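This briefing concerns one protein model and is meant to be read beside the sequence and coordinates.

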Amino acid sequence: MKTKIFFITMLSVFFSTMLYSQINYFNFYRPYQVTLCCPINVYGLGIEANYFLINSETAKLDIPISLYWGLLDSLEFGFKVSAATLNYKTSNERGLTDILIGVKYNFLSPVKKKIYENSPNVNPDSLPNISSEFCLSLPIGDYKKGFGTGAVSFVFNWLLEKDIVLRSESVFNAFFNLGYRINTENGDNYLFGNELFFNLGSYFDLQEKMILSFGIKSINHSANKLSGQKILGSEYTESYLFTGLSYDLGIYQQFFTSISFGIDERANNLIFNIGMNY
């Protein structure tokens, strides 16, 4: 009952607050990357749904709700909590997943690149936007049901983004992020393997407010351990080809959707993502 009241409250906030969702690790399956931080004192909330078709007999629905706030000119704070359902052939599990708290810092942005305007050796327009994210995962989900790790985790994520102008004067955007998640051992002496992940993609304008994106995502999971001993066969890689659309509804307001196709044996068959920043 408390869980239902919590999400009803969050949804009521969602429909009455200006939104501007930014921290990329909060949802790995969005069709785009946002490298720059929120403007100062811009805050918001985003709501999404991720449907994972794991195999022919198992599916998962994940509904994350995220809060964001631009603290400083180049620093952003975020918070995320998710409700999830795992559906098996003869049963299902429901619960909350682990909480994520994150910050993002811009090392190189359009404003910071102005220092190179008078440099004879550096063209500011040739420089990419560069940022870094740090996230902390706090255990509230039941890891035995598949809703977390049961322990604290740390995430480091580097982001790079660059507009590329072709000779035909067509413009498209290329983006890349590379990150690493460090998991710690939980109270049952079970340790989920660390994760190395990346996202490489591009997008371009289909219309004035509509953007098409595509690319590849991958997560490499190292071996899980129980009481310090590796669990055979628990290490694996999951990779996806993805494509998606986003549509600007107004300032800081956006609808987006994507579909990811698993290309590894251990990857989910399909992942469908849909959400709004309102």
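The points below are grouped by topic and describe a predicted model. The count of salt bridges comes to four, and the count of disulfides comes to zero. A search of the whole structure finds one cavity of 30 Å³ or more, and the largest pocket holds about 1400 Å³ of space.

**Salt bridge between Glu 48 and Arg 30**

- Side chains of opposite charge can pair when their charged atoms come close.
- Glu 48 and Arg 30 form a salt bridge in which the closest N and O atoms are 2.6 Å apart.
- Because Glu 48 belongs to strand β1 (residues 43–53) and Arg 30 to the loop between α1 (2–14) and β1, this pair ties together parts that are 18 residues apart in sequence.
- Glu 48 is buried, its relative accessible area being 4%, and Arg 30 is likewise buried, at 3%.

- Lys 145 and Glu 93 meet through their side chains in a salt bridge, with an N to O distance of 3.8 Å.
- Lys 145 lies in the loop between β6 (129–138) and β7 (153–165), whereas Glu 93 lies in strand β4, so the contact ties together parts that are 52 residues apart in sequence.
- Lys 145 counts as partly exposed at 32% relative accessibility, and Glu 93 counts as partly exposed at 27%.
- A salt bridge also links Asp 188 with Lys 144, and here the closest N and O atoms are 3.8 Å apart.
- Asp 188 is placed in the loop between β8 (171–183) and β9 (190–191) and Lys 144 in the loop between β6 and β7, so parts that are 44 residues apart in sequence are tied together by the pair.
- Asp 188 is partly exposed, with a relative accessible area of 40%, whereas Lys 144 is exposed, with 64%.

**Cysteines**

- With the disulfide count at zero, Cys 37 is in no disulfide, and the nearest cysteine sulfur to its own is that of Cys 38, 7.3 Å away.
- Seen from Cys 38, the closest cysteine sulfur is in Cys 37, and the 7.3 Å between them is too far for a bond, because a disulfide requires the two sulfur atoms to be within 2.5 Å.
- Cys 37 counts as buried at 10% relative accessibility, and Cys 38 is buried with a relative accessible area of 1%.

**Largest cavity**

- The largest cavity has a volume of about 80 Å³.
- Its lining comprises 13 residues, and those nearest the centre of the cavity are Asn 24, Asn 27, Phe 28, Asn 177 and Asn 199.
- Sorted by class, the lining of this cavity has five nonpolar, six polar and two charged residues.

**Largest pocket**

- About 1400 Å³ of space lies in the largest pocket.
- The pocket is lined by 43 residues, with Lys 60, Gly 146, Glu 195, His 221 and Glu 238 nearest its centre.
- The elements giving two or more residues to this lining are β1, β2 (59–72), β3, β8, β10 (195–205), β11 (210–221) and β14 (236–250).
- The lining of the largest pocket has 18 nonpolar, 17 polar and eight charged residues.

**Pairing of β3 and β4**

- Strand β3 (residues 75–87) pairs with strand β4 (residues 92–96) in the antiparallel sense, over five bridges.
- A hairpin of four residues joins β3 to β4.
- Within this pairing, Thr 85 stands opposite Arg 94 in β4.
- In a regular strand, side chains alternate between the two faces of the sheet.

- Leu 226 is found in strand β12 (residues 225–226) and counts as partly exposed at 42% relative accessibility.
- Leu 226 and Asn 189 are 37 residues apart in sequence, while their C-alpha atoms are 5.8 Å apart in space.

Conventions:
Residues numbered from 1 in each chain as written. Predicted model: local features only at pLDDT ≥ 70, side-chain atom pairs only at ≥ 80, totals over all residues. Heavy atoms only, no water. Pairing = 2+ DSSP bridges. Buried < 20%, exposed > 50% of the residue type's maximum accessible area, 1.4 Å probe, protein only. 1 Å grid on protein atoms, 1.4 Å probe; cavity = no way out; pocket = protein on both sides within 12 Å on 5 of 7 lines; lining within 4 Å. Points joined across faces, edges and corners; volume = space filled by probe spheres on them. Nonpolar A, V, L, I, M, F, W, Y, C, P; charged D, E, K, R; others polar.
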